[in-house]
Amino acid sequence: MTNAELSTMVDTSDEWIVERTGIRERRILKGEGLGTSHMAAEAVKGLLEKTGTHPHEIDVLVCATITPDMIIPSTANLICDAVGMRHIGSFDVQAACSGFVYGLDIISQYIETGRAKKAILVGGDKMSSILDFKDRTTCILFGDAAAAVLLEPSNTGRGVRDIELHSDGAGMQHIHQKAGGSRMPASAASVEQRLHYLYLNGPAVFRAATEHMSASVREIVSRNDLTLGEIDWFVPHQANKRIIEAIADRVGIPHDKVMLTLEKFGNTTAATIPLCLWDYESRLKEGDKLVFAAFGGGYTWGSALVEWAYDGAAAAKKGMQARPLSQIPAE
Ligand code: UT7
């Protein structure tokens with residue numbers, strides 16, 4: 001969906017959206033009855049194929065989302081069913097736009113402790129399902145997407161090196177969806193009053209996101225005895241190009257080291273960071289130091305320091321030495 005299409009629905013313009021957010025277009029999931037698990041299952045299937053991994057080799061799958069297909073069961077359960085992962089542990093994580101970093105903190109510990117040999121984290125959101133396409137202050141910002149990563153033990157010492165997380169429930173007043181939860185179950189009145197849509201106080205969130213993400217990036221770099229000059233890639237949550245550039249300028253990261261995909265996808269909530277990794281994979285080299293940073297509803301925020309463990313160019317080119325699924329013994 002382009003900015004031009006949106007300008008036929010609400011009082012906005014391509015010029016305003018590009019100048020204030022950097023977004024030019026976003027993807028909208030079409031098709032009756034399709035939810036977040038549909039996109040997430042496609043991402044997981046692609047990941048299994050690309051890495052030559054059989055579904056039976058996966059020990060645990062976590063899905064970060066705020067737009068689950070249903071309240072019960074979890075979207076992770078539905079993804080596993082769709083891709084043929086039978087009886088493994090799977091569950092959802094809800095930390096809004098920080099969901100991928102929160103999920104990474106959980107899932108990397110399965111690998112570090114040896115409780116899992118292969119684990120999948122998928123970030124996915126069908127944001128169009130909670131957007132009010134009559135509200136120009138929110139509907140122009142978001143898009144639908146899912147993207148997934150596979151984690152496995154590394155014998156080089158590379159991988160997820162550190163993660164720090166924060167939350168502040170007082171931020172609820174600035175980002176929330178009023179109805180549909182246990183405080184205000186769905187009713188004819190809640191639908192009529194349009195309370196099932198995302199509410200966002202943009203300027204308040206803009207300020208908080210810039211301040212907290214900057215502090216978190218500084219903290220994770222300094223507590224690992226690194227300097228910002230040693231960071232190869234900054235992978236920020238993609239909410240607004242102005243937020244991303246303000247953080248880069250504040251902490252001193254050159255713009256050419258910043259991953260940016262929001263121009264074509266908008267803010268895809270839990271999917272933004274893995275979508276960046278997918279988009280930039282061919283430029284990633286073994287040993288590159290990456291800092292992920294996210295901020296979102298809750299408030300929640302945090303960052304991760306990751307040392308890239310494989311040659312992204314070769315992986316993107318060779319399809320990760322993909323073994324045909326048929327050559328991998330079934331369970
Ligand atoms: O993922 C984590 C959650 N989300 C975020 O991090 C989003 C953070 N916030 C933002 O990205 C920005 O605050 C927005 C993009 C949402 C808004 O940009 P802003 O520069 O903060 O604009 P504003 O809300 O202060 O509004 C400025 C003007 C207002 O008009 P008046 O009152 O000055 O006459 C708005 O009504 O722009 C108007 N406006 C629009 N005009 C055209 C607001 N939305 C639109 C629009 N098109 N879509």
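A salt bridge here is a side-chain nitrogen of Lys or Arg within 4 Å of a carboxyl oxygen of Asp or Glu.

A note on the model: it is predicted, local features need pLDDT of at least 70, side-chain atom pairs count only at pLDDT 80 or more, and totals for chains, interfaces and linings use all residues. Residues are numbered from 1 along each chain as its sequence is written, and side-chain values use heavy atoms, with hydrogens and water left out.

Next I looked up the domains. The assignment, which is automatic or from a database, gives domain 1 (3–151) and domain 2 (159–258 + 269–317). I found their C-alpha centres 14 Å apart.

Then I turned to the interface. I saw 38 residues of domain 1 in contact with 35 residues of domain 2, contact being heavy atoms within 4.5 Å. The area buried between the two domains is about 2,900 Å², and carbon and sulfur atoms give 65% of that. Buried area is the accessible area (1.4 Å probe) that two parts lose on being put together, summed over both.

How many salt bridges does the rule find across the interface of domain 1 and domain 2? I noted two.

Last, I checked which elements of domain 1 touch domain 2. I listed α2 (14–21), α5 (99–112), β3 (119–126) and β4 (144–151), each supplying at least two residues. Helices (H or I, at least four residues) and strands (E, at least two) are DSSP runs, numbered from the N terminus. Helix α5 gives the most to this side, with seven residues.
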